[in-house]
Amino acid sequence: MRAAVVAEYRKLVTTRLWWILLLTMVVYMAFIAGAMGWVLSQGQATSGTGDEVTLSPQEVVRTVYTIAVSLGYVFPLVVGGLSYPSEVRHSTLTPTYLSEPRRGVVLGAKLLSGGALGLVYGLAGTLACVAAGGGVLALLGEPTFLGEASTWRTLGLSTLALALWALLGVAVGTVVTSQVAVVVGALAFTQFVEPIARVALGQTSWGGDVAAYLPGAAGEAISGGSFYASAGMTGGLLTAWQGLLVMLAYVAVLSLVGRATTLRRDIT
Amino acid sequence: MQPGPTSTPTSTSTPDDDRTVRVEHLTKTFGSGPHAVRAVDDLNFEVRPGRVTGFLGPNGAGKTTTLRMLLGLVSPTSGTATVGGRRYAEIARPAHVVGAALEAASFHPGRTARDHLRVFAPQVGVPDTRADEVLALVGLSAVAQRRVGGFSLGMRQRLALATTLLGDPPVLLLDEPANGLDPEGIAWLRGFLRALAHEGRTVLVSSHVLSEVEQTVDDVVIIARGRLVHASPLGELARLARRRVEVASPDAAALDALVAAGGWAVDDVRRGPDGATYVLLDVDTPAVGAAAFGAGVELHRLQARDVGLEDVFLQLTAPPPGAEQPPAGAPAPARLDGAA
């Protein structure tokens, strides 16, 4: 298994995709976090219903520092999501299964190596938010709470949540095996379908509970900071533990589906 | 006379060794219902170590599917395909036992040649330095750091071969390794494969053109439409060739009488102002010459016509006469290629 993980890890880092996506994520997250740090600390945020929302300074930093979990999770999702489809696209499944005929081991190795790279994305994305968002807050004379343990706990959980997105990506890739479908699907779902679904469900009496179980909401629950909830657009979140379990459940179910379908296929 | 699909593999009396490749009653049907395609149909053969074996058949005969079943990439509908008595999936660290190159396109274009090999080195169980060793073996050291996307087909073939050699395996299964190689590359490959077999390895090389591997292989396994049509040492294949004699005489009537008296099978006859020319089957020049001398027939030409192994191969793999359409899984017969 160790050898398989090393092999899968090398597959990820020997092409250019991983650092191009990582760089894009860092720049994008730094920009958003900086902008949000300024907007939220001015108390000007308006909710989806037009009501004024005021956040405590602590809520402001939590929202700013976890922007990557709220808006940047598409990057680890895509980098993990291409793990299996890229092998399908380039017919490299043949040498992969020749060097490790136990396909379950290959899937396990992809999940582990994808999760490891996800941690790198999580760390880089979270630090980008802290550096840019915290920098803006400091410049504005607002508190940054960087001396407090609870803040660092939030940062750690943000990293973990983003790593889980890469894991979820690997699992998705075993079910959706086309590179184009994964990228288009990930963009459409994370930037469009899920945000709208969360806002729409949040307006109903019953939908808020359902929306909390969507993967984006579950990811936010892990880090505890929610751009959507802070902006007053959606209902509450699950607890961090519940969010973690919901994310892992998505990973497990999709991996099992992939193992039972895609991974059983003949490689012709 | 027509060697039908009844040939059986040589009897399996010799004991198996770890390097023997064996295919028994192997069958693969793709799809189901009326659209089912039987790509491999009750195939039996074995491949011995220390020899280069040509695995031959027209395109679509089932060669690649058979190799993929041997390698656990495609699951057989029935039958077994084993190396050293074990299925591929049962072999611990299989890349140490079997090296396989199936298609020259199995590379991520954005990865360098060395990185491609380094990806697989941990699972093969060799240090990263082995990547440079095998690159040197196949003559790719100079381009180790270049991305595979810019490689020619011949370079990809060499890199595929390098990948199979990572684990220094005693059994090599190579699918159309000569595809895309220039004449110099083919000559190189020939020497390389011979050297590998000389070291006692089992080398199986597939091809749809016999002439491509004729100078390399010791044994041939020929399949068509998913079935075995012939398995033997290369020398025995030559014996299947029908002998032909071309004989010409200015006296057409005398030659007609001679042929009729000899009772020879006639393949072709041409008549013209300068007499007649016959092509006779299953007879040799001394017999025809002696008969003509005895009958006092004047001959202007008496010549044995060599039938190349390629013709034997085409005969063996041609669809059976009268078949309205090729059986499932067999595309256009190779014979039609020349007519295109």
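Trainee: Let me begin with one residue: is D168(B) buried, exposed or partly exposed?
Mentor: Good place to begin, and keep in mind that this is a predicted model. A residue counts as buried with 20 or more other C-beta atoms within 10 Å of its own, and as exposed with 12 or fewer. D168(B) has 16 other C-beta atoms within 10 Å, so the class for this residue is partly exposed.

Trainee: Where does D168(B) lie in chain B?
Mentor: This residue also has a backbone feature to look for: its phi is near 50 degrees, a positive value in a residue other than glycine. Its place in chain B is the loop between α4 (153-165) and β6 (171-175).

Trainee: What radius of gyration does chain A have, and what would a compact globule have?
Mentor: Along the principal axes, the C-alpha atoms of chain A fill a box of roughly 60 × 40 × 30 Å. Because chain A has 268 residues, a compact globule would have a value near 18 Å. Chain A agrees with that, at 19 Å.

Trainee: What share of the residues in chain A is buried?
Mentor: Contacts give some background here. Among those in chain A with a separation of 6 or more, 82% join residues 24 or more positions apart. Of the 268 residues in chain A, the buried share is 50%.

Trainee: Against which helices do the buried residues of α5(A) pack?
Mentor: Helix α5 (residues 74-81) of chain A is mostly covered, with eight of its eight residues buried. Among them are F75(A), L77(A) and V79(A). The buried residues of α5(A) pack against these helices of chain A: α2 (17-41), α6 (83-89), α8 (103-139), α9 (149-175) and α10 (179-202).

Trainee: Which residue in β12(B) is the bridge partner of V245(B)?
Mentor: Strand β10 of chain B covers residues 244-249 and strand β12 of chain B covers residues 275-281. These two strands pair in the antiparallel sense over six bridges. The bridge partner of V245(B) in β12(B) is L280(B).

Trainee: What distance separates the centres of domain 1 and domain 2 of chain B?
Mentor: The domain assignment of chain B places domain 1 at 16-235 and domain 2 at 242-304. Taken over C-alpha atoms, the distance between their centres is 48 Å.

Trainee: With which residues is L309(B) in contact, leaving aside its neighbours within four places in sequence?
Mentor: L309(B) is found in helix α10 (residues 309-317) of chain B. It has 17 C-beta neighbours inside 10 Å and therefore counts as partly exposed. Its contacts, with those neighbours set aside, are L210(B), E214(B), L237(B) and A238(B).

Trainee: What is the mean pLDDT of chain B, and which stretches fall below 50?
Mentor: In chain B, 89% of the residues reach 70 or more, and the mean pLDDT is 86. Where pLDDT is low, the predicted coordinates should not be read in detail. The stretches of chain B below 50 include residues 1-13 and residues 324-340.

Conventions:
Residues numbered from 1 in each chain as written. Chains lettered and ligands numbered in written order. Predicted model: local features only at pLDDT ≥ 70, side-chain atom pairs only at ≥ 80, totals over all residues. Helix = DSSP H or I, 4+ residues; strand = E, 2+ residues; numbered from the N terminus. Contact = placed C-beta atoms within 7 Å. pLDDT = per-residue confidence, 0-100. Pairing = 2+ DSSP bridges. Domains from an automatic or database assignment. Rg over C-alpha atoms; globule rule 2.2 N^0.38 Å.
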